[in-house]
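I opened the model to look up a few things and wrote them down in the order I checked them. The entries follow.

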Amino acid sequence: MTGSMAGRAGLVTGAAGGIGRACAVRFAAEGASVVVSDLESARAGGEETVAMIRKAGGTAEFFPCDVADAGAAEALVAHVVERYGQLDFAHNNAGIGGSNGRLADISDEDFDRIIAVNLRGTFLGMKHQIRAMLGNGGGAIVNTSSNAGLRGVRLLSPYTASKHGIVGLTRNAAVEYADDGIRVNAVCPGAIVTPLMMRGSPERALEIRRPQAMSRFGQPEEVAAAVVWLCSPDASFVTGVAMPVDAGSVAGW
Ligand SMILES: NC(=O)c1ccc[n+]([C@@H]2O[C@H](COP(=O)([O-])OP(=O)(O)OC[C@H]3O[C@@H](n4cnc5c(N)ncnc54)[C@H](O)[C@@H]3O)[C@@H](O)[C@H]2O)c1
């Protein structure tokens, strides 16, 4: 297939549904070979993403990975390199929400779990992806942060901390590997219609959406357009950015 990602190979984590699925589908539509990854327990959704890509004429396969598991993160990268010869792009998208509560009411376990998946998971992924990209002379990484990575979101302190941390990892890796041909960026979505956003009450979803200048929820495909652009050669001079895709949410009110 032709497109802005033609001839490239890479991976998307948390791609059994939601934003990750939309990104995997868009990468493939732009000509990339995509390893669709998610938890083994989400295999059915992952295989569905693969089927959608293949039906449209693209190349994809499922490979399970719990991003919080260091060995699994390494195995995922090794699989892409073994299968396609190199890793050109990686989208670290897997993430979890957590229970709502003011900081002093958050359990230590909840905090640790969210940091382990969202922040440590992104770190582990980037570490092995960068090592592989150094081997092929460059590449592009996009991490899914959130507008909760750019400002506080009431009642979500562990999530907010994890997403701010992702912005920090993104900026650091961008400056450390710029001259190795590796670009590292983050997207910071606003309120997007996905299982994660809709798992809570409709009132809470509306509350999260309220700071947006546009009074509607976003679609996963609107995030995918930004993610794929950031990985494409069209963004060749862009690294270290935390790009809001949030309908004006962090711009002001
Ligand atoms: N939906 C939104 O409004 C919104 C806004 C800002 C940021 N985000 C971020 O976007 C990303 C995708 O979220 P989504 O809204 O599509 O949610 P989602 O729940 O639909 O998708 C998240 C995926 O991550 C997977 N996952 C969870 N834990 C994992 C682990 N340990 N290892 C591998 N995969 C794991 C899940 O199985 C799921 O398929 C997340 O990082 C989320 O924090 C979402």
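**Entry 1: the surroundings of P211**

I set aside the neighbours of P211 within four places in sequence and found P211 in contact (heavy atoms within 4.5 Å) with R151, G248, S249 and G252. I note that this is a predicted model, in which local features need pLDDT of at least 70 and side-chain atom pairs count only at pLDDT 80 or more, while totals for chains, interfaces and linings use all residues. Residues are numbered from 1 along each chain as its sequence is written, and side-chain values use heavy atoms, with hydrogens and water left out.

I located P211 in the loop between α7 (202–209) and α8 (220–231). Helices (H or I, at least four residues) and strands (E, at least two) are DSSP runs, numbered from the N terminus. The relative accessible area of P211 is 29%, so I put P211 down as partly exposed. For these labels, buried means under 20% relative accessible area, exposed over 50%, and partly exposed in between (1.4 Å probe, protein chains only). I also checked the C-alpha atoms of P211 and S249: they are 5.1 Å apart, although 38 residues separate the two in sequence.

**Entry 2: the segment after β7**

Where does V250 sit? I found V250 in the segment after β7 (242–245). V250 has 34% relative accessibility and counts as partly exposed. Its C-alpha atom is 7.6 Å from that of P211, which is 39 residues away along the chain. With neighbours within four places in sequence left aside, V250 is in contact with N147, L150, R151 and P244.

I noted a positive phi of about 55° for A247, which is not a glycine. At 21% relative accessibility, A247 counts as partly exposed.

**Entry 3: another positive phi**

L155 is not a glycine either, and its phi is positive, about 75°. I placed L155 in the loop between β5 (139–144) and α5 (157–177). L155 counts as partly exposed, at 31% relative accessibility.

**Entry 4: cysteines**

How many disulfides does the structure hold? I counted zero, a disulfide being a pair of cysteine sulfur atoms within 2.5 Å. C188 is in no disulfide, and the nearest cysteine sulfur, that of C23, is 13 Å away. C188 is buried, at 0% relative accessibility.

**Entry 5: the whole chain**

I read off eight helices and seven strands for the chain. The radius of gyration is 17 Å, close to the 18 Å that the globule rule gives for 253 residues, so the chain is as compact as a globular protein of that length. The radius is taken over C-alpha atoms, and the rule is 2.2 Å times the number of residues to the power 0.38. Along its principal axes the C-alpha trace spans about 50 × 35 × 35 Å.

Of the 253 residues, 51% count as buried. Among contacts with a separation of 6 or more, 74% come from residues 24 or more positions apart.
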